[in-house]
Amino acid sequence: MNRVRALVLGSLAALFVFAVALACVDGRKGYMPLDHSIVFDGAWRVLCGQVPYRDFTTPNGLAPMYLQAPLFALLGPTWFAYVLHAALANGAFALLVYALLRRFALERPFAWLYAAASAVVFYPPIGVPYMEQESFLFSLAALVAAVWATAAEPATRRANVLWAAAVLALAAAALSKQIPAVFALPVVLVIFACGARAPRRSAVVTLVVTALAIVAGLALVAWLAGVDAGLAFDYAWRLPRAEGAFKLRFVDTAAKFFGRVQHTVGESGLLSLYTHAAAPALALVAFVVAAISRERRAAWLGAAAAWSLATAAIWTCVGFVAFAGNQWQNGVPFAFLAVGLVHAGVRGLGDGASQRAGSGAGKGVSNGGGNGGGCSPASVAGRGAGRGVGGIAGSAIGLALALLAARDAWRFECEVNRTRLVNDLVFSPERAAEAAPHLPSELAFLAWNLPPSFPVEARDFAELAAFLRAETDGFVLLGDFTILHALARKEPLEPCLWLHPGLSMPWPDDPAFAAFDARWAAPFLDGRARWLVLQGEETFTKRRLEQFPALAELVGARGRPPRTFGAFRVLDLAP
């Protein structure tokens, strides 16, 4: 027993190391200034003592910022500390996938394979801490906690802790990004409704009390920190809601939505994504058979549970890509989890082919019948190890699914992760080697490559960072390279984390824009800033100086000939 346990622990350690190493190797390649700077600058603001919705605004990303800040405090604001966050999250994601598949009694080697494949598609595509990835991570944690809670004895401390963990994880997902967190909530509720066993009162109380405690705790912390309720409403609710409504116009009919889903699946070339059609069909068949067959009802319900969760997992991905309009490569982290759940259902049904319903129940597991336990995921965990025709067929299908997942993961690694496609660039080792000697020490871990839309040389960027760090006065950046704040060791003075009209900032015709514009000029008027840094003629989202009237007026009144650092211009706006 000790030897088996040691082998299991060793395999899990290897899985974690693989996931972390892969994210570090791929994640350090390339820098997409807009996306890659958001959490970096947010964490630096937190270290500077700033508070969201008091000192700056953001539509999302609070959880990853506050998770990154301790790593910056410990290791300094370096690119290694930044990528390390993503790498550790990648390792945690792989372990969660493994834990969920093992709860459905999938054999350890296959659970390991699907977990490793999941580590390929989770954090390596973007490479650094990002809002969507953290939301997916905590959403998965909520699903794992809920599934394991259904297998615990009801009204026990273990069950209540797991249900509370599910709620906490959902809250963390929402504080990372509203979507895909909103997709995970109904899945957790369905798991509770179908899987939790009587008596349920303790679980219900735990869910409600935990949720109320989180809301009350956040409200109290916001009040003590001096959060501006108006800013929080505008930037955490009103603007994101309006942006979401705008995006819904592109999928406001079933034809548009399913058309976008089919386009995503077809464009990807990943056969694993076709589980979006296979999993719900299999789940429906399993439920129908379970309803009319009493002899093997438990086996069919177990398979239905696995295939239903596979449906939820894959449709969370394709639904996220369809609604958000994001690159599909950065939105399919549950793809191989879904394949693994399909595999688990097939194996459970095949292995149970020669068994009678209810036999082989696992420890502490209900295999069907009263009190809602009939569709518990644990129904699969209670299977035996059939060796009949059904077991052989299940093994063959499972092996084919595993090989399919391995093929897709390798293709994804070669075509997406190594090229850095998600970051809008084609990675060049030669460019990275050429830039390395010129980078600031904080960026030594970064293999410098930029998208073509950012014509910035490493030498110019390093000289700009050195200039701003040497100056005692503060600066305001109208641009996307907001990691400059940490490199210059200066407190950020811009009113928002990044420039995305309609999401992170109001449109010019929005009544809130005047106040937003005034906050850009305020640091120069109250003496906190002297330098205005302009990134070329416009930002990635086409924001230009003249679109900020208060700031443009100040430049007209105080502007002096600029200093130039390649594509950057630095204006002295001292009185």
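Student: How many aromatic pairs does the count come to?
Tutor: The count comes to 36 aromatic pairs. Keep in mind that this is a predicted model.

Student: What makes tyrosine 31 and phenylalanine 481 an aromatic pair, and which kind is it?
Tutor: Their ring centres lie 5.8 Å apart, and the cut-off for a pair is 6.5 Å.

Student: Are tyrosine 31 and phenylalanine 481 buried or exposed?
Tutor: Both tyrosine 31 and phenylalanine 481 are buried.

Student: Why is the pair of phenylalanine 454 and phenylalanine 481 given its class?
Tutor: The planes of these two rings stand at 80°, with the centres 5.7 Å apart. The angle is over 60 degrees, so the pair is edge-to-face. It also links distant parts of the chain. Phenylalanine 454 is in the loop between α17 and α18, 27 residues from phenylalanine 481. Phenylalanine 454 and phenylalanine 481 are both buried.

Student: Which aromatic cluster do these residues belong to?
Tutor: One cluster holds Tyr31, Phe454 and Phe481, and also includes Trp79, Trp448 and Phe568.

Student: What puts arginine 28 over the face of phenylalanine 445?
Tutor: Arginine 28 lies 5.2 Å from the ring centre, and the distance limit is 6 Å. Arginine 103 lies over the face of tryptophan 148 too, at 5.1 Å from the ring centre.

Student: How do you know that glutamate 442 and arginine 469 form a salt bridge?
Tutor: Their closest N and O atoms are 3.0 Å apart. The limit is 4 Å, so the pair qualifies. The bridge links distant parts of the chain, 27 residues apart. Glutamate 442 is in the loop between α17 (429-435) and α18 (458-470), and arginine 469 is in helix α18.

Student: What is the distance between glutamate 537 and arginine 544 in their salt bridge?
Tutor: The closest N and O atoms are 4.0 Å apart. Glutamate 537 has a relative accessible area of 53%. Exposed means over 50%, so glutamate 537 is exposed. Arginine 544, at 26%, counts as partly exposed.

Student: How do you know that the span of helix α9 is close to the expected one?
Tutor: Helix α9 (residues 201-225) has 25 residues. At 1.5 Å a residue, 36 Å is expected, and the helix reaches 36 Å from its first C-alpha to its last.

Student: Which residues of α9 are buried, and what do they pack against?
Tutor: Ala203, Thr206, Leu207, Thr210 and Ile214 are buried. The buried residues of α9 pack against α7 (157-176) and α8 (178-195). Glycine 226 follows α9, with a positive phi near 80°.

Methods. Residues are numbered from 1 along each chain as its sequence is written. This is a predicted model: local features need pLDDT of at least 70, side-chain atom pairs count only at pLDDT 80 or more; totals for chains, interfaces and linings use all residues. Side-chain values use heavy atoms; hydrogens and water are left out. A salt bridge is a side-chain nitrogen of Lys or Arg within 4 Å of a carboxyl oxygen of Asp or Glu. Helices (H or I, at least four residues) and strands (E, at least two) are DSSP runs, numbered from the N terminus. Buried means under 20% relative accessible area, exposed over 50%, partly exposed in between (1.4 Å probe, protein chains only). Rings of Phe, Tyr and Trp (its six-membered ring) pair if their centres lie within 6.5 Å; planes under 30 degrees apart count as stacked, over 60 as edge-to-face and the rest as tilted. A charge sits over a ring if NZ of Lys or CZ of Arg is within 6 Å of the ring centre and within 35 degrees of the ring normal. The expected span of a helix is 1.5 Å times one less than its number of residues. Contact means heavy atoms within 4.5 Å.
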